[in-house]
Each structure stands twice: as C-alpha cells, then as structure tokens.
Amino acid sequence: MNEYIPYIIFGVTSGAVFGISAMGLVLTYKTSGVFNIAHGAVCAAGAYVFYSLRQQADLPWPVAAALVVCVFGPLMGIVLERLAVAFSGVPTAFKIVGTVGLLVALQSLITLIYGSTSRVFDPFLPQGEAFSVSGTKVNYEQVIILLLGFAAAGALVTFFRLSRLGTAMRGVVDDPALLDLTGDSPTRVRRYAWIIGSSFAAMSGVLFASTQAQIDVNVLTLLVVQAFGAATIARFQSLPLCIVGGIVVGLLQKLVSKEITAYPDLQGLDLATPFIVLFIGLLVIPRRKLVETGRQIRAKAVPPSRVPRPFRAAGYGTTLLVALAIPQLWFVGAHLPAYNQALTQVTLFVSLHLLVRTSGQISLCHFGFAAIGAIGLGHMQGYGMPFALAVIIGGLLCIPPALLIAIPAIRLSGLYLALATLGFGIMLAQFCYGKSYMFGFGSLATERPAGFSDDETYYYLLLGVAVASVIAVLVIERSRLGRVLRGLSDSPVALQTLGLSVNVARVIVFCISGFMAGISGALYGSLFGSVSASTFNYVNSLVILAVLAISGRRVMSAAIVAPVLLYVIPNYIGDPDMNTMLQMAFGLAAMFAAANAQGGWDVPFTRLAERSSDRLRGPAEARLRRLEAHDGPSDKAQPVHGPRVPVTR
Amino acid sequence: MSNTIRSRQMLAVAAVVGVLVAGCGTRVADDRIISAEGGAAGVAVPAGATSTGETVVAATTESGPAVAALTPQGAAAQGTAATNSAPEAAASAGGQSAAAKGSTPQVASGPNAPCTTKLAPIVIGQTLVSSGVVGAALGNLRLGLNIWAQAVNARGGVQCHPVQVYSMDDGSDPARVQSNMNELVNNKGAVAILAAGDPIPDTALQSSAERLKVPVIGGDLNSVTWTKSPYLFPQGGGAFASYAGGIKEAGEAFKGRRAGLMYCVEANICSAIAGNWDQIAQWGGLAQGAAKAVSITATDYTAECQVMKNDGVDTLLTAVDGSAVSRIVRSCAALGYRPAIVTPALAINPQVAADPNAQKNTLWLGTSVIPFNSTDTPAGKEFNQDAARYAPGTALDQSTVMGWVSGKLFAAAMGKVHTDTRTQTVTSATVLKGLGLIKNETLNGAAPPLTFTAGKPTPPTNCYYIVSVSEGGFRAPKGGRMSCF
Amino acid sequence: MTLVLENLAAGYGGTTVLRGINLVVPPSSVVALLGANGAGKTTLLRVASGLLKPSAGRIHLEGRDVTGSSPHQLVRRGVCHVPEGRGVFPSLTVRENLVLQSVAGNESDAIARAVSAFPRLGERLSQLAGTMSGGEQQMLALARAYIQSPRLILLDEVSMGLAPKIVDEIFEFLAMLAQSGASLLLVEQYVTRALEVADFVYLINRGEIAFAGEPSELDAADVFKAYVGVGL
C-alpha cells in the first residue's frame, strides 16, 4: 500500500487541475451548447499573459493573477460568447470545426508572439514542503492547488444552487426562450457563464504552468484534452462531478503508469488513460444521459451548382489539363515533392468530405487512419508484397478500427462522436504508434513502386489515384448509398421511418472513409522512403478538418483547394513565421466558414436591412406624407387599427 | 557597411513578420552574425525576424576589411570557368566588394598555399529544421556553419574559392527537405550540402542526396541514415556512442550502477534510442534498468520518476526534448530523487542549459564532436576564436560547433583534391572525390578519426566527447579529449 | 394596457405565417383569439411577446412602439406570455422556477403570492418541476401571470391536455386576473369557454384575421367554418 501513496498524491494533485479546467469547459458547454475544443488554448493564453505580466512587465504575482483571472478571463469570455452565438445556428459538425479553428488560430498566435520553444515559468506559490507522506514530499503549491480546486467547485455549486444568476444559468440550459419570457436576458446569462468559464480556464492555465515551472504552448493547449476525460465522468453536465472526475482520471493515470512498468507492450497506456476513459464512457453511459445540449440544427442541403453544366465540365477539363502539365510548369520546379504530397492527400480530403459533408458525421482522427494505412504499407512491403497490394492492405487495415468507432457512432451523434474520434486518435498516437506493430522504434521503411523513384513519373501515378478517388466519391454520392447518406444528414428520424437502416449506413460510410484515408496514408508514406510517428501527429487531424471547412462544399473544391492550401502553398513559403501565420489564417478562416455554414452571415445583414428599412419611417416618410396631404388624401390605406376599434370598458 | 539583399518577396515577408513581431520583443534574433575585423557590419536581419527562409552569406575578398558582399538570389555564380574572375555576382546593389589588397604573388603548391587569385565562389547549401521543438536545439547548426563560412572567407576561401552559403528551413517536413535540396542543387548550384539538421525526415534527405548525387557533409548525426548511404558523411562519432558515452561518464562521475531510460513517444529519434537500449546500456557499462515511454506534453513525470527510483536507477537517460528534461528533473526532485541525467546534446540549447533546475542536477551530454567550450586542442581554440570574432555575444552550444566542424570537414576534403580545385570548376564530383580520400582525419582534434571510402556508406565511429551542464552553464569535464568504445 | 398590432407580418425562415394582422387588445379586457391549428395563433402571440421578430408591421404597447424589443425587455414593461406546452424549467425545482419568475429581490414575496393563488404549489416547492403532473406544471407556469403583476397577459392554450376539473381552476384564475385589471389575450381550444370570458374575439384563418368583433356577433357556423378552413 505504501508504494501506492506517491502515485495517489500525484494523481490527486494533477487531477485537481484537470478538474478545474473541466469545470470551465462543462459550464460553457451546458449554457451555450458549444463545446469549446479550444478551451486549452484559452488556458494557454491565460498562462502566457500571466508570464508576460509577471516576468516581462515585472508585476507582482497577485496583481498579475488578478489581471489574468479578473480582466483577461472575462474579456476572453465575452469574445467567446459572441463566437458561440455565431455558431449557435449551425449543425454540430460545424460548431466543432469552428472551435477547432479557434484552437489552431490561438495556438498559432501564441507561437508567433512567444516563439515555439518553451520558457521558464517562475513558480509563484510557495514551494516549501508542507508535509511528507511515506517519503513523498507534498509541497505547499500542491496543497493550495488541491484546496483551490475544491473551493472553486464548492463556490460554483453554491452559486448555482443559491444565486439567482446561477439558477438562471441552469434555466437557460433548459429553455432559453422561456428564460427570456420570465424577464432575464439569455444573452446576459450566457455571457456570465462564458466569463466564469474563461476565467476558470485562465486560472487553470496559470496553475498548470506553475506546476511544471515551464510554459509551453503545445503542452498547455493539448493538456486540456485530458480534461475531456474528467468531463466525461461528469457526463458533460455536473460541475461538482468534474472535480471528482478529474481526480479519478488523474489517479487512474498514475496508477496505470505504475502497473505497466513490467510490461513493455503496455508502454504508453498511462498516457492514453484519459482518452480511454472518454471512449469507454461514451460507450457505456446510457444514451439518454448523453443528450447533446442545445438545439440540434440540421444541415442544409448543398444547393445545386449555379454554374451551368457545360461550364462546369469545361472547368474540370481545364483543371485536369493543368494538373497534367504541372511537372512542366515554371513555378513548380524544385517544389514538385510538395505537389506529390498534395496529391496523396486528395484521397484523404475527399474521404473526409464524404464523411462530414455528405453524411453529416465527423471524425477528428482521420490522420490516425492515414497512419494505419502507412504502417500497413511499410510492414507489407517488409514482407515483400508488391506495392499496389500493400497499399490496398493498408487501406483494409483501417476497416476494423473504423468499425470500432462506428459502433459508438451508432448510438452517439455529433459532439460525442467527435470526442470519441478525438480520443481514439490520441490513444492511437500515444499508445500504439511506438509499438512494433506500428512504427516501432524509430522509423518504418517504405518504398515507392518499382520504376517510380523519379518524382515526375510518380506524380502521374499519384494523379491517377487522386482522380480515381474523386470519381469514386462522386459515384458514391450519386448512388443509393449517397442518397441514404444525405437523408442521414438531413433527418435520421425520417430515414428510420422509411425502414432504411441508419446504423448500417453509418457504419458503411465510416468504413469507406477510413479505407480511403488509409490508402492516402499509404501513398503519403511511400513518398519519402520512411515514415515515423511524427509524420502522423494527431493535431493534424484537427488541422485538416479546419482546412476542409474552408475548401468549399463540393467534392471537387475539397479535392483541389484543401491539399493545395495545406501542402503546396506552405512549401513555397520558407519562413517559419510566415507558415505559422498561414496556419493562423486557416484557423480564422475555418471559424468564419463554420459560422457561415448555414448562411449565418445572412442574419445580421438581414437585421441591418430591416433596420434601414425603418428609415422610411423617418424624415423621408414624413416628407412623403406632407406631399400627400398637399395632394389630397390618396386611397392608400391609412395606418389601421383593425376593422373596428372596440370600445373600452 | 555590408548588408544582405533579398528578393522583394522576402523583404515583404520579413516586413510583415517584423511588423507583427515588433513590440512583442521577446524573440531572440539568432542571426546576429557580425563579420570581419573592424567591421561592425553584419548580415543584417530585419528587426524581429528570426530564422528567415534563406540567409545568404556572400563571398568576401581576402583579408582586409572583409566585407560580405551582396549576392542577389538566383544570381549565384555557378563556378563559371574563369579562374581569376572576381566574383562578379558579388558586385551588386548597395554593397561593395573591398578591393583586394595587393596580394603577394607566391608560387603556390599544396593545399595550404596562399591564394594568388580569387577563384569562382563555391555554393554551399544547408537544409535544417530551425523552428519548433526540434529546431530549438538544432537551429544553431546554421549559426555554426555561418561562423565557419565567414572565417574561411576571411582567410581567402576554401582553396581560394570564396563560399556562399544558402541555408533553408524545412520544418522537419520531408517534402520540404526534398524541395529544398532540389532548389539548392538545381537552382542555386550548390556543390555540397553542409550541416544538415534533419533527424526526423532523414530518409528524405538521404534519398534526395542520392538522387541529386550531392554529398551531405556533416549534420546532427542523430539518425542511422548517416551510416547507410555513400552520400552522407558524418563529421563525428555515432549517436549511440554519444548516449552510451554520456552514461559511462555520468556513471564514473557519480559512481553510478544502474541506468534507466525515459523516451518520448512522439518522435522516432526518441524511440530509436529505446530500440537500441540494450546495446547502449551495455556500452555504458552500467546495469540495464527500466525503460519507460513518456509524452513530451505531460504535466509532470513524478510517476515515471518513482518507477525509476524504485528500480534503483541512478543514471537516467532521457530521450526527450529540452523542456521535458527540465520537467523530469523537477518531478524527480520532488521525490528527493536526483539521478544523474544523460541526454542527447540535440535536446539542450543555451536556453535549456540556463534553466536553474537542470543545472542543479547536472546534465551529461555525450556528443559526436569536440565540446564547443573546450580550448585545449587547436580545433577548440580555433572554433572559439572564430565564434568570438564572427558571432560575439551569441550563446553557443553543441549544435553550433557541429555546424562549424562540418565546414572544416568540407575544407579538408577540398584540400585533398587541391590540384583539381585550384584549376578546374568545382563540382559535386570533385567534392566526393576529395571526401573519398579522407582517412583518419581528426580536423585538428575537432572530431574522432574519420575515414570515408568512395562509393560506400560510412560505418559508425564509436567515439564520443563529453559536455555537461551544471551551475554556471556548460562545462567540458574532459576538455577536448575523445573516448572510444 | 393596450396592445396594438399594426399590419403585422411574420414567419419562420422563408415561410410567411402571418399576413396583414391588425389586432387591438384594449386595456382591462379579455380578447380571445380563435382559429384552427396552424392558423398562426401561436405565432401571433410569439410576435406580441417579442420572441419572434415581425417581418413587417409594428407593435404598440400603451401607445409606444416596441417593435423589435426582446422578450425580457417587454417583461419589464408588463407583458407576460405563458407559452404553449408547459412553460416551466423541468430540471429546476418549483421554488427555483418561482425565483426566476419573480422580480429580482422580491423572491420570497413572489413565492408567497404564488402559493396563495395555487396552494398545491406550496406543497411541492422542492420538487423538480419536470416530475409534476401536467396540471401542476401549468399552474406553475400560470403563477408567473400573478407574481409579476403584469398588465398584459398572453395565454397560449393553457387548458390543453388537462383534466376538466383543472381547467375549471384555471379559468377561475384567469377570471381573477381579468378582474385585477390586466388585459388578456387568450388563445384557446375550448371555444365555448373562451367566448364566455372574452370581451372581444378575433378569428384567424390561414394567417389572416377573418373576423374581429364581439362574441355575440360570432355565430357557431362561422366558427366552424373558420376551423374547417373554409373562407367566411
């Protein structure tokens, strides 16, 4: 028992910080219906602002802390609330894309300002040893954090139960329109929720940084992803359970870390614990308890193209001609490897398009499928298999994991599916990548097919595959399966009443999408002679979603624009800072695209139009009336008060 | 007095970046290379912009007010035939080449004969990751190479050819590595690639070197491809020898008995170490302890440290990035556990070395070439002098000297074929020929004895040097002395 | 309080539901709004309370133009809309529902008033509103019409789905409200009952006012036709 004590202590203290972070996340999710995947970036931003105030502007730490928690946090909250409103009218998939875009943008901004290396963060809480439990020192900082976590949870719970604003926040979750009718502005209530949520996020960011004595944007941003495990235990609803959940997840993680020492095959399992919790939780929690907050918006069908057919055909023809000519064009030259890279990703993007746009589902682990495809290729080539067969096997290897995800996909939807895929992707990266059946130790060797070692010849082969995958997706879209998928996206219920099996359709599309992603990964892997874990960083799964969102609503535009944006253009930009700015631009653009997914920009513009139409009531109309009076009454209807004015009693 | 011209695009880029970053002045501009005696002129870098896509260190004339002349991009002289043409390309807007001081005509023979005339410039390319987590440590390969280039140009160039260095960032993206190589060799006319920093996209580097038939001389040496290709020429000892060497030295210093390993799951270079843990531990001469996978994004490593502590590990090899090393040290210290920490020199840049936490533990860095802060060998002295002259005040680290040694190796190879280089156009083939003649070359003590065979990959040289980090920063406990397995 | 809807048009998305609506609720009177399902009654109430913005026309409250105001602003002016379905927060307790219904600072007073109007609520203060019976929930929803002392009350089918005995209680409550001087705009399925309490009647058919006048002028056949959808 004694030997477990240190792990219990570590688990509880780190868990408390997860819990604080999760509380902010669940609070904002509950009240606004937007699950802020960028929550971690807000944590990171808070930590960096604190760092700047304290270590660069030399403010004393209480002042810096107060500024961060009471000024910066609320400011972020107000901005985020407006964003949430922008996302409120769009389907879940786009809410997720929007927050992913925010994550990418925030992270890039921080990298631009502070650089991507980590910095020393001077701890500000007392570091002295408070007491010792069986030889493990517990210092004051850890005690304070733990107490802070409980105090915050307690304060929030009290606030919710007892205060009017807290009650209103719970009410706004139930029925925002009704809240409006009872006299409280839902916008105001939500704004306060976001302010509290963001202040918690900023606070947890500062605390995270302090416990590490270091500030590192990658660590901070993605740390909060572990808070998702805590949020799962709280069923994305209960705030006090967040702290409990955080501690449970923290404990589990440390205990697993201890137990697996003896088993090399289980290395990395502890890192994946929060996501395993997330995944299992989503599988196990009864569906009725996992109701997604907020109105479920159905995706609007993509309107048929306004460009007449012959023009479209001409357009595609020209594109194909240009594509065929690429290796010869002057601006390509040395950059041909990037074009090859982009070609392999065409398959990935159209597969994601199929999943997201056509069937309305979502995947935050598509790069994980690509990784599986790549290792399939590498291992099969290691057994001497010919290239084409190895690629196909790479794709087929993705089907079992796709099935594994499709099972929760059947009972979950929208947000929870997205989180499940995110959890899966991270689990894959942190637990499986390093194993011998995946990338093993170091890199996995891959080969191009015989005779294609020249970039130019390989380009044409890859172009052929890219065209084939686009055609495949187009065929699927027009097939019966495609119609079923569109129905799925429109109204699953209607689909079910027609007797069509929704579940089967979901599973099929996931598998097809996964298979194609695997193929793209295999091709990608074959380009440079080896693949390694870092090639398939799970963050890329988020970035490709953002880029897909800004690449148009049709297969063709997704197939062309997305790979060019993500692979070709950065290759021309040598400056790492420019590339970071480009990435920030992707994030921002994805946010706009998400907000506009259902024509969201129409609303404020319409309101503007309405308001300006009111101007007719002003001096213009008065002038008009005077003219009429001068000309005599016209038979234009007078402002009416009904057919008869009833006599009052 | 001297400044660098970039194309308009790069200026615009730099301006935008500069505007953005200006006022947020926390970035350290690491391209503060200043040239020549008496000259405060420098390779000007737009305010705030760091790690720009390409830097050009242009040719200079002979000793005298050495001036880095200007070379517009793309106008790189391709070793044109004229042997005594002044670097025409160097005479461009804004800068001026200092007039050659009256050179004393002497009968020249042998590689070290003084130069009578200035020959055509040789173009050198470099591709490396200079940003992000890995770039934080490797970025100084560029600095080291630039220091060498300026020094060698001040002395008349390599075999009387001034060198022009084009350095490109590839962000660890294999596609970019390849397009950089294409650009450098096909468009800029580079005859050799020096000080390549691509531990992760290593096969991309290898395959493009082989396809373009250009030698890659020196680099970070962290991946096994350095011993697998006839086109890659390591400028120092092998990576595993460095790690094992670090363990050995740490063990000797602290009477260690048992070595453990923490390796990151995120990068192949970390897990490659795990794959060879048996061998490394054996060379290190300590009992082999636990190996644990960690994530470089973890908050703390107390649980992992506890595992090591329970296992009796007193010497810990941490295959993680610099910031994670810092956190590991701190987490272990919270347990009252202070093992000796051995880590790849790759991970430790001046900023990490300045972390008081790391210093308190003493980090041991096995390395492939001479410690940058040693001055007990001719090479060590020369490096520090060059650095003081051409990059005064810039913090140095092991990557810096590795870049510098790459240049030295190139010069040595060129010296081997000095008759060709002084009379004919220098091409990649010339350089390869020269490299093939290198036998047991220690570059004045900068490296273990290096031997290359034309047309064959180079087997690993299992020798190492040792650098440590403790209170006060970097130390060289054994100076410039090399040890071998 | 006088409510005047002037040439109102409203709809959802691209669909227009209401067209050219002119309607007046004079002070201290009960106005009944009848019509078939889908005719636009609920939409009209939502426009009147601010939940839905009209696409054309104006709304005047006590002579003041309040078009475009949001519901919580209108609440402050004395409007109370009891929506269709049960206008309660199901996951909050009865007490908490009443707290939200009350004016800030006056919570305990409000609870007392509500309990005095509906004693049954007094027994269930700590019960989750979502677990109460339909009738009790409706009482809770109606309590707001009393607590806030509104001067204009919009009621959307408050008797729907309730047992007759409860409906009786509710109508008694409505009568009390009317007597206190508030104006009521009542949408009801119980046509007879509505006509009994109403001072004026509007009949709405396919988004337009088909009849406006006193109950006595309305005959059964007209009502039937309106409900069946035949033009008058």
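Trainee: How many aromatic pairs does a search of the whole structure find over all chains?

Mentor: Keep in mind that we're looking at a predicted model. Rings of Phe, Tyr and Trp pair if their centres lie within 6.5 Å. Searching the whole structure that way, over all chains, the total comes to 31 aromatic pairs.

Trainee: What kind of aromatic pair do A:Phe369 and A:Phe424 form?

Mentor: Their rings sit 6.4 Å apart, centre to centre, with 40° between the planes. Under 30 degrees would count as stacked and over 60 as edge-to-face. So 40° makes this pair tilted.

Trainee: Which helices does that pair of A:Phe369 and A:Phe424 link?

Mentor: The two residues are 55 apart, in distant parts of chain A. A:Phe369 belongs to the helix spanning residues 366–382, and A:Phe424 to the one spanning 414–432. Those are helices α14 and α17.

Trainee: And B:Phe233 with B:Phe452, what's the angle between the planes there?

Mentor: That's an edge-to-face pair, and the centres are 5.1 Å apart. Over 60 degrees counts as edge-to-face, and the planes of B:Phe233 and B:Phe452 are at 80°.

Trainee: Is B:Phe452 buried or exposed?

Mentor: Buried means under 20% relative accessible area. B:Phe452 has a relative accessible area of 0%, so B:Phe452 is buried.

Trainee: Which ring does the charged end of C:Arg113 sit over?

Mentor: A charge can count as over a ring if CZ of Arg is within 6 Å of the ring centre. For C:Arg113 the distance to the centre is 4.4 Å, and the ring is that of C:Tyr146.

How values were computed: Residues are numbered from 1 along each chain as its sequence is written. Chains are lettered from A and ligands numbered from 1 in the order in which they are written. This is a predicted model: local features need pLDDT of at least 70, side-chain atom pairs count only at pLDDT 80 or more; totals for chains, interfaces and linings use all residues. Side-chain values use heavy atoms; hydrogens and water are left out. Rings of Phe, Tyr and Trp (its six-membered ring) pair if their centres lie within 6.5 Å; planes under 30 degrees apart count as stacked, over 60 as edge-to-face and the rest as tilted. Helices (H or I, at least four residues) and strands (E, at least two) are DSSP runs, numbered from the N terminus. Buried means under 20% relative accessible area, exposed over 50%, partly exposed in between (1.4 Å probe, protein chains only). A charge sits over a ring if NZ of Lys or CZ of Arg is within 6 Å of the ring centre and within 35 degrees of the ring normal.
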